Amino acid sequence: MSMKRREFLKTTAGGAAAFTVLRGKAWGQAKPVRIGYTLSATGPYSVGAGITQGPNYTLWQEQANAKGGLLVKGEGRRPIEFISIDDRSEHETAVRFYEKLATDDRVDLMLPPWGTAMNFAVAPIANKYGYPLLGPTAVSNKIKDLQLPYFYALLQQPDQIMGAFAGILKELKAQGKISKIAIAYVNDLFGIELNASAATALKEAGLDVVDVKSYPLGVKDLSPVLKGFKAAGVDAFVGLTYPPDNILATSQAKEVDWNPPVWLAAVGTAFPFYRDRFKGAEGVMGIAGWNPKVKSAGAKEYFDAHVKKHQKEPDRWASAFAYASLQILERCVAEVGLDRPKIKGMVDSTEFQTVAGPIRFVKGSNVSTPGMVGQWQKGEFEIVWPKSLATGTPVVPKPAWA
Amino acid sequence: MAAKLALALLVMALVAAPEILSPYYRSLALAILADVALAVSWAFFSGPSRYLSLATGAFFGAGAYLTAIVEARVPWPLPVLGGALMGGAMALLVGALALRLRGPYFAVFTFGLAELAKHSLIWYETGVTGTVGRLILAPPEPWTLYYTILCLAGLAVLTALALRRSRWGYALAGIGSDEERAETLGIDTTRVKIGTFALSAAFMGAVGAAMAPRWTYLDPQVFNPFVSFQTVIMALLGGATTVAGPIVGAVFLGLASEILLLKFRYLYLLGLGLTLIVVVLALPSGLAGLLRRSSPSPLSSPPAGERAG
């Protein structure tokens, strides 16, 4: 009897919900703006996609729709509808779905997938069908070689990142705080490009590197490398890492009892879960791009909204750029409508004020955001380099591992 | 007669597809045809010989990376030919070493091959060329890729059909049912095994080479073990000892996973897993077993050796 009643209630509730939805549709004032993308929900790209891009897409959609939709020039506000799938971290699936978005669904706009290789894979399609694609997670010196007018990269590229690394290390050396630098890098495109940029940048800064070691993607033990650096008396560790090897190196440094004055790593350090995993990670440095204290308009509001919707903080590097890419699209659509060549024209010629600071593109590359170094200090990833954008001063030597 | 007519219509439809279909459906057809070529060429070796190969990803990856290396310097379809030679040569080498191994040992060895190839490539690229990852900046037209893959799939099917009618095919099936007996009967088992393995690898290398231009950017991660497993699943799902089996398996899995992916963003893996379990439990001889029950034909019946054994 009780089962039956529950069934009945379910049906009634379902019917009522369906009725509301239908009514909503019938009463809907405007046709939705359809925006298509893929993000990896499964496979190796899913971690990064789920931290840096996905939460920002849904946050932006919710915020816009709460205001009645995306403001489209000459048409008023139209609700945002996402058309997306899990690309399974497979390039073929992503390529095919972007073709579907362009030719079958004929979406109004596209958002990029996560990661450099994925952006490389779908950028030619976006370009072919004239969809501006603003990628917040594509980092490679090869992006220039693509020469795709509709593709834009928001994040700092290897030369800028390593320029910042060299800048802070040079100053610390001048202050007598460090003298021996060693580099460990992951030997895929990302690590290799960063390492090549590092060689140039550190040489220009007059810095000597005492040791350079590479390791494969998916490495399970970095303690031999760390022990070698420790034995050589290295006092500035530079890790050109992905998140898994970054976490591995950090935990193993503690195991081999090595606490160099400077611990500076690449991807992963700016994730809030890195801070939480290492009990504050006090004094650890890494690639930075943003924190809620930066002076850009809306930075704090963005941070709070992200925490409120997702119950987790945005990361301190690329998240804000993912959100910024959406702010850029939003502003273009408000000023020129959904005419994509016009949107491209505006993206090419405008300096945008975003939560991640000013962004301006020259030949598809963001030239307004310099490379930055951050350091975890009392729970915040303070930007400590360059000085013009700093929210804190570097603490060297770093405190002991917690 | 009706079967021949249906076949003729199917071929015509496949040839006309790029004209009729939108780019998305053309790409879907292309991906499924590539899977057909992989599954059929896997099955014409592993089906009758019962050597479970997990090396598909290695041969596929080798072909794909070759296209990325020679890109723009040689005209199409030379990279595809190169991919075939590359896959074949790798298989000859590996076959000479590994086809002495039986059962799980052979499977594990071939599985390791993709990793070995990946790390050798990384070592070479970092040490010699100083960069990892290559861009394909001037890919062939989409329809060129479609017809290349269509040809490869067609050739793989014809090869599989020709093989099972030939002495060579009987020899392979003989090896599958009892290798020692086959050897006693005077079959040069080593030559038959390695030869067929290399032929199947040549198709895999060619398919890799033909698919690579679709992804613009390639790095050593293209040696993907997932390709190896997926190929085995498709072949077994359809029925590995027939020619129709792998075709049916690849088409079914391709369409099913696409539909589930589009309709159920968060549940598609669950749906796919359940579908696979149901099919395997209900149809132990694969989807093609259904065909066999209704109409016996060379496409859907197991080879002679299999029936005798």
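## Domains of chain A

The domain assignment divides chain A into domain 1, covering 33-153 + 294-366, and domain 2, covering 158-289 + 371-389. In this predicted model, the centres of domain 1 and domain 2 of chain A, taken over C-alpha atoms, are separated by 29 Å.

Between these two domains of chain A, 15 residues of domain 1 are in contact with 14 residues of domain 2. On the domain 1 side, the elements that give two or more residues are α2 (46-66) and α12 (319-336) of chain A. Sorted by class, that side of domain 1 has eight nonpolar, three polar and four charged residues.

## The surroundings of A:G374

A:G374 lies in strand β16 of chain A, which spans residues 372-377. A residue is called buried if 20 or more other C-beta atoms lie within 10 Å of its own, and A:G374 counts as buried because it has 29 C-beta neighbours inside 10 Å.

Leaving aside neighbours within four places in sequence, the contacts of A:G374 are A:A270, A:M285, A:G286, A:A288, A:R316, A:F381, A:E382, A:I383 and A:V384. A:G283 is 91 residues from A:G374 in sequence, while the C-alpha atoms of these two residues are 9.4 Å apart in space.

## Contact between the chains

In the predicted model, 23 residues of chain B are in contact with 24 residues of chain A. On the chain B side, two or more residues each come from α2, α5 (103-129) and α11 (244-263) of chain B, and α2(B) gives the most, with five residues. By class, this side of chain B has 13 nonpolar, seven polar and three charged residues.

One helix pair across the two chains joins α3 (residues 91-103) of chain A to α2 (residues 23-49) of chain B, with axes that come within 8 Å and cross at roughly 155°. Because angles over 145 degrees count as roughly antiparallel, α3(A) is described as roughly antiparallel to α2(B). From α3(A) the contact is made by A:E92, A:R96, A:E99, A:K100 and A:T103, and from α2(B) by B:P23, B:Y24, B:S27, B:L28 and B:A31. By class, the contact of α3(A) with α2(B) has four nonpolar, two polar and four charged residues.

## Confidence in the model

The model scores ipTM 0.85 and pTM 0.87. For chain B the mean pLDDT is 87, and 94% of its residues reach 70 or more. Over residues 304-309 of chain B, however, the pLDDT is below 50, although this stretch has 13 contacts in the model beyond near neighbours in sequence. Where pLDDT is low, the predicted coordinates should not be read in detail.

How values were computed. Residues are numbered from 1 along each chain as its sequence is written. Chains are lettered from A and ligands numbered from 1 in the order in which they are written. This is a predicted model: local features need pLDDT of at least 70, side-chain atom pairs count only at pLDDT 80 or more; totals for chains, interfaces and linings use all residues. Axes are lines fitted to C-alpha atoms, for helices over the stretch in contact, and angles run from 0 to 180 degrees between N-to-C directions. Helices (H or I, at least four residues) and strands (E, at least two) are DSSP runs, numbered from the N terminus. Angles under 35 degrees count as roughly parallel, over 145 as roughly antiparallel, 65 to 115 as roughly perpendicular and the rest as oblique. Two residues are in contact if their C-beta atoms, placed from the backbone, lie within 7 Å. Ala, Val, Leu, Ile, Met, Phe, Trp, Tyr, Cys and Pro count as nonpolar, Asp, Glu, Lys and Arg as charged, and the others, Gly among them, as polar. pLDDT is the predictor's confidence in each residue, from 0 to 100. A residue is buried if 20 or more other C-beta atoms lie within 10 Å of its own, exposed if 12 or fewer, and partly exposed in between; C-beta atoms are placed from the backbone. Domain bounds come from an automatic or database domain assignment.
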